[in-house]
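Please keep the sequence and the structure in view while reading.

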Amino acid sequence: MTNDVAERALPAPDALRPWIDGIEIGAVVGSNSDSDGGESREPFTRVPDTATKVVVRVDENGHRDMLVVGPRTRATYHTSKRLASCVQVRLGPGTARPLLGVAAVELVGRVVRLGDLPGSSARQLAGELRWLEGEDAVGRLMEVLPGRLAADDGAGRSRREVLRAAVEALSTDVERVPSQVRELAARLAVSERQLRNLFAEGVGVSPKHFARIGRVRHVLAHAGTTGWAELAASTGYYDQSHMTADFRTLMGVPPRSFFTGRLPVAQPCQSLGRV
């Protein structure tokens, strides 16, 4: 028997902007066993993602974890059971250091316990979130985060403003393609090296790789509604072959193969594995 998952995506409350990009709440309803009485194991894909996330998860035995999930530079494929419930908070660019005490680049490809991060801020946050569930956790974040993050100095705020402007310019959406890194650095009056350092500290990946991940995620979202050549052009690729090569590098297979045998994309309550 397959688990049913009740999920909700919540916009970041005004009090948490621009520190939080979004919040997802999930809970499993139904059995964790298959028809033969064993554990249900469902294949799924974790697509590349530039966000750092704080996750409060509860497994089917009531065990609770507070985790930090770093950016993923490439897709991974898994077979695993779902969790009982979770709250996933997507941190905004530049939030990792003031909230968690580490640069985002130190978290790339990692899943670590929140309380295991160095410094008192992460351990205190883990203690505050430990016994909260669902929207209770969201409410607690609204109470504790603004005061902590507002204490960041003026230089830190200035760097985050530049970083967020760069993130916006390098993001892919249906109305425009991302800027070129060299042109963007000149427009923001910083060197390309400074821009790379800002992204390493506040996002975890380089500006170029951030844009690549955004384009591939755009292809994942819009394939099937647009022809391949048109999709490549609208997403900012030189041509369809460039899109295919980039997709294969980040997803492990070319677009046609991926969509022919497509696995479900991981949801917030999909198991993150052991830490």
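How much space lies in the largest pocket? In this predicted model, the largest pocket holds about 850 Å³. Its lining is made up of 37 residues, and those nearest the centre are Asp 49, Thr 50, Ala 51, Arg 90 and Arg 217. Sorted by class, the lining of the largest pocket comprises 15 nonpolar, 13 polar and nine charged residues.

Is Val 89 buried or exposed? Val 89 counts as buried, because its relative accessibility is 4% and the limit for a buried residue is under 20%. Leaving aside residues up to four places away in sequence, Val 89 touches Ile 20, Gly 22, Ile 23, Thr 52, Lys 53, Val 54 and Leu 141. One of these contacts, Ile 23, is 66 residues from Val 89 along the chain, yet the two C-alpha atoms are separated by 4.6 Å.

Arg 64 is found in strand 5, which spans residues 64-69. Arg 64 is buried, with a relative accessible area of 10%. Which residues does Arg 64 touch, not counting those up to four places away in sequence? Arg 64 touches Val 56, Arg 57 and Val 58, and also the run Arg 130, Trp 131, Leu 132 and Glu 133.

The last stop is helix 9. Helix 9 covers residues 240-251, 12 residues in total, and reaches 16 Å from its first C-alpha to its last, close to the 16 Å expected at 1.5 Å a residue. Which residues of helix 9 are buried? They are Met 243, Asp 246, Phe 247, Leu 250 and Met 251. An α-helix has 3.6 residues a turn, so residues three or four places apart point the same way. Ser 241 and Arg 248, on the other side of helix 9, are exposed. After helix 9 comes Gly 252, whose phi is positive, near 90°.

Technical notes: Residues numbered from 1 in each chain as written. Predicted model: local features only at pLDDT ≥ 70, side-chain atom pairs only at ≥ 80, totals over all residues. Heavy atoms only, no water. 1 Å grid on protein atoms, 1.4 Å probe; cavity = no way out; pocket = protein on both sides within 12 Å on 5 of 7 lines; lining within 4 Å. Points joined across faces, edges and corners; volume = space filled by probe spheres on them. Nonpolar A, V, L, I, M, F, W, Y, C, P; charged D, E, K, R; others polar. Helix = DSSP H or I, 4+ residues; strand = E, 2+ residues; numbered from the N terminus. Expected span 1.5 Å × (residues − 1). Buried < 20%, exposed > 50% of the residue type's maximum accessible area, 1.4 Å probe, protein only. Contact = heavy atoms within 4.5 Å.
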